[in-house]
Amino acid sequence: MIPVNQPLLDGNEKKYLLECIDTGWISSEGPFVERFEQAFARRVGRRHAVAAANGTAALDIAVEALAIGPGDEVILPTFTIISCIHQIVRAGATPVLVDSDPLSWNMDVEQVAAKITPRTKAIMAVHIYGLPVDMDPLLALADRHGLKLIEDASQMLGQTYKDKPCGSFGDISTFSFYPNKHITTGEGGMMATDDEELAERARSLRNLCFQPGKRFVHEHLGWNYRMTNLQAALGLAQLERLDEFVARKRFIGRRYHELLQDVPGVQLPLTRTEFAENIYWVFGLVLDKTLGIDAASAMQRLSLNGVGTRPFFWPMHRQPVLLNKGWFEQESYPVAENLAEQGFYLPSGLALSENQIGQVADQVKSILHNR
Ligand SMILES: *Cc1c(COP(=O)(O)O)cnc(C)c1O
């Protein structure tokens with residue numbers, strides 16, 4: 001079986017982890033956490049970085065740190081991971097959705113303006129699969145209407161938008177270090193911001209809102225969302241190799257493109273937009289309805305032929321848990337619906353060999369056109 005993802009851990013990971021064990025620093029109090037945060041902030045061009053237990057935790061904290069609460073509306077793409085919406089819902093705010101662009105698969109920024117109301121408090125931009133969201137129009141809208149902007153850059157570490165690092169836009173950005181992300185800490189996440197007060201609030205929220213000087217007396221409720229020294233040791237070693245990893249992802253993406261570009265009825269990721277060259281966090285395929293095969297059956301056939309895949313995101317407006325709350329009932333976002341039904345992605349982990357890329361491409365051609 002060719003797995004959908006396999007990370008590379010052959011740099012300083014072992015050395016730094018041994019340092020944790022040898023020194024006894026394994027909790028969040030260890031020195032790698034701050035070292036990782038500082039190196040990370042420099043890398044994404046932000047003044048502050050705050051590590052967290054995972055990417056979902058980073059989003060939870062970002063939403064809470066911006067004081068998003070009852071009565072507030074937050075505009076975000078329907079085509080994203082459920083992590084984005086959790087804290088909006090739990091805080092008693094209202095998620096407001098926009099559809100995707102059919103070619104870049106990113107949120108359609110032209111739909112955002114039409115969804116702004118006097119209750120809109122924030123926009124959450126989520127970069128999808130390898131190309132950045134068009135940030136300038138969102139920054140302009142946020143500025144004009146006094147809105148907060150959260151940038152979920154979990155899939156876009158190492159990418160740029162108009163030559164500026166992804167994760168450097170808006171009030172606060174978030175990242176995930178799950179093993180399929182560009183760098184991994186096993187589980188892990190990060191927030192980045194230029195706003196010192198926001199960074200302080202994020203640090204406090206991730207650590208149960210303990211108060212310096214008045215330990216165990218709390219003015220606010222937070223979470224234990226701390227990152228351990230073990231995770232940060234991995235993260236620092238991984239960050240040292242980010243450029244190499246990004247180059248490897250681009251190589252895999254370009255190779256798939258060469259091998260699959262002539263397959264009829266299959267939409268491949270755009271190689272570039274006017275803002276950026278694709279970083280191919282994953283290599284997605286969208287099957288044309290005329291092929292008469294949907295993503296689920298294509299994935300099942302690929303699995304029988306030894307190729308691991310993953311479905312595209314299932315849109316927020318189709319999530320039972322959210323429909324049961326009475327949201328999005330009459331809403332339709334046709335681009336996201338098509339992506340969910342017809343889209344899936346191929347193996348593209350950093351450990352994937354060129355030979356395996358060829359095998360995957362052969363299997364894709366075979367299951368689509370020898371039926
Ligand atoms: C992976 C991911 C997350 C969630 O991160 P976890 O570390 O798995 O909690 C959030 N947003 C996006 C866009 C992601 O890709």
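Start with T56. An N or O atom in the side chain of T56 is 2.5 Å from an oxygen atom of the ligand. Keep in mind that this is a predicted model.

Next, S176. Here again the side chain is involved: one of its N or O atoms is 2.7 Å from an oxygen atom of the ligand. G55 uses its backbone instead. A backbone N or O atom of G55 lies 2.8 Å from a ligand oxygen. And how much of the ligand does the protein cover? On its own, the ligand has 380 Å² of accessible area, and the protein covers 91% of that.

Now the shell. How many residues surround the ligand? There are 13. The closest are G55, T56, D152, S176 and K181. By class, 8 of the shell residues are polar, 3 are nonpolar and 2 are charged.

Where does the shell come from? Helix 3 supplies the largest share, with 3 residues. That helix runs over residues 55-65. As for the site itself, the ligand sits in the largest pocket.

Let me step back to the whole protein. I count 13 helices, and 13 strands as well. The C-alpha trace spans about 70 × 55 × 35 Å along its principal axes.

Does that go with a compact or an extended chain? Look at the radius of gyration. The protein has 371 residues, so a compact globule would come out near 21 Å. The value for this protein is 21 Å, which agrees.

Conventions
Residues numbered from 1 in each chain as written. Predicted model: local features only at pLDDT ≥ 70, side-chain atom pairs only at ≥ 80, totals over all residues. Heavy atoms only, no water. Near = heavy atom within 4 Å. Polar contact = N/O pair within 3.5 Å; in protein donor to acceptor, adjacent residues only side chain to side chain. Areas by Shrake-Rupley, 256 points an atom, 1.4 Å probe, with all protein chains shown as cover. 1 Å grid on protein atoms, 1.4 Å probe; cavity = no way out; pocket = protein on both sides within 12 Å on 5 of 7 lines; lining within 4 Å. Sits in = over half its atoms within 2 Å of the grid points. Helix = DSSP H or I, 4+ residues; strand = E, 2+ residues; numbered from the N terminus. Nonpolar A, V, L, I, M, F, W, Y, C, P; charged D, E, K, R; others polar. Rg over C-alpha atoms; globule rule 2.2 N^0.38 Å.
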